[in-house]
Every structure is written in C-alpha cells, then in structure tokens.
Amino acid sequence: MAIIITLDRMLQQRGMTLSELAARIDITLANLSILKTGKARAIRFSTLDAICRELQCSPGDLLGHDPTQAQDAD
C-alpha cells in the first residue's frame with residue numbers, strides 16, 4: 001500500500017508510548033498497533049481526530065504517500 005503511517009515517529013517525538021496513547025484515546029492497544037504497523041485497512045475519522053488531539057498534530061503529520069510502495073490489489 002502506498003499510504004505510510006508515521007505514528008511511531010510521532011510517538012517518539014512526543015515521548016509517549018503506544019500503550020499510553022491507547023489509554024488516552026480509549027482504543028485497544030491491538031487496534032492501535034495494527035494502525036501503527038500499517039496493516040489497518042481503514043481508520044475512523046473520530047479515531048484520527050483523537051490521535052491528533054492527544055499528539056497535538058495534524059492528519060498530515062501521521063499519514064504520508066509513497067507511490068513506490070504501491071502493490072497490486074488482490
């Protein structure tokens with residue numbers, strides 16, 4: 001997939017753990033981990049809003065696009 005998730009970098013910059021973020025936005029650690037590793041197929045706007053609120057960032061800080069990473073869909 002050509003969408004790049006930079007949640008790990010944002011967490012590191014903020015000195016926050018994935019577990020701490022999960023607790024703050026009331027989402028399971030497993031679901032947040034799926035997003036962080038780029039395995040998520042979708043994200044709710046409410047979840048994205050909560051992440052941005054807690055990390056004090058914008059969606060563009062968390063999401064990127066790299067066409068060289070694109071793969072054919074099955």
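## Notes on loops, helix packing and cysteines

1. Asp26 sits in the loop that joins α2 (18-25) to α3 (29-36). Helices here are DSSP runs of H or I with at least four residues, strands are runs of E with at least two, and both are numbered from the N terminus. The model is predicted: local features need pLDDT of at least 70, side-chain atom pairs count only at pLDDT 80 or more, and totals for chains, interfaces and linings use all residues. Residues are numbered from 1 along each chain as its sequence is written, and side-chain values use heavy atoms, with hydrogens and water left out.

2. Most residues other than glycine have a negative phi. Asp26 is also exposed, because its relative accessibility is 73%. The cut-offs are these: buried is under 20% relative accessible area, exposed is over 50%, and partly exposed is in between, with a 1.4 Å probe and protein chains only.

3. Gln56 is the next residue to check. Gln56 lies in the loop between α4 (45-55) and α5 (59-62). Its phi is about 50°, positive in a residue that is not a glycine. Gln56 follows α4. A relative accessible area of 69% makes Gln56 exposed.

4. How do α2 and α3 pack? Their axes are 9 Å apart and meet at an angle of about 120°. Axes are lines fitted to C-alpha atoms, for helices over the stretch in contact, and angles run from 0 to 180 degrees between N-to-C directions. The pair α2 and α3 is therefore oblique. Under 35 degrees would be roughly parallel, over 145 roughly antiparallel, 65 to 115 roughly perpendicular, and the rest is oblique. The crossing of α2 and α3 is right-handed. That term applies if the near helix is turned clockwise from the far one by less than a right angle; anticlockwise is left-handed.

5. Which residues join α2 to α3? From α2 come Leu18, Ser19, Leu21, Ala22 and Ile25. From α3 come Leu29, Leu32, Ser33 and Lys36. The contact of α2 with α3 has six nonpolar, two polar and one charged residues. Ala, Val, Leu, Ile, Met, Phe, Trp, Tyr, Cys and Pro count as nonpolar; Asp, Glu, Lys and Arg as charged; the others, Gly among them, as polar. Contact means heavy atoms within 4.5 Å.

6. α2 also meets α4. The axes of α2 and α4 come within 10 Å and cross at roughly 115°. This crossing is right-handed. Leu21, Arg24 and Ile25 of α2 touch Ala50, Ile51, Glu54 and Leu55 of α4. By class, the contact of α2 with α4 holds five nonpolar, no polar and two charged residues.

7. Ile25 is worth a separate look. Ile25 belongs to helix α2. Is Ile25 buried or exposed? Ile25 is buried, because its relative accessibility is 13%. Leaving out residues up to four places away in sequence, Ile25 touches Leu32, Ala50, Ile51 and Glu54.

8. α4 has several buried residues: Thr47, Leu48, Ala50, Ile51, Cys52 and Leu55. What covers the buried residues of α4? The cover includes α1 (7-14), α2, α3, α5 and β2 (63-65).

9. How many disulfides are there? The count is zero. A disulfide here is a pair of cysteine sulfur atoms within 2.5 Å. The closest cysteine sulfur to that of Cys52 is in Cys57, at 4.2 Å, so the two are too far apart for a bond. Cys57 is likewise in no disulfide. Cys52 is buried, at 8% relative accessibility. Cys57 is buried too, with a relative accessible area of 14%.

10. Last, two residues towards the start of the numbering. Thr6 lies in the loop between β1 (3-5) and α1. Its relative accessibility is 11%, so Thr6 counts as buried. Beyond its neighbours within four places in sequence, Thr6 contacts Asp61, Leu62 and Leu63. Asp8 is in helix α1. With a relative accessible area of 40%, Asp8 is partly exposed. Asp8 and Thr37 are 29 residues apart in sequence, and their C-alpha atoms are 8.5 Å apart.
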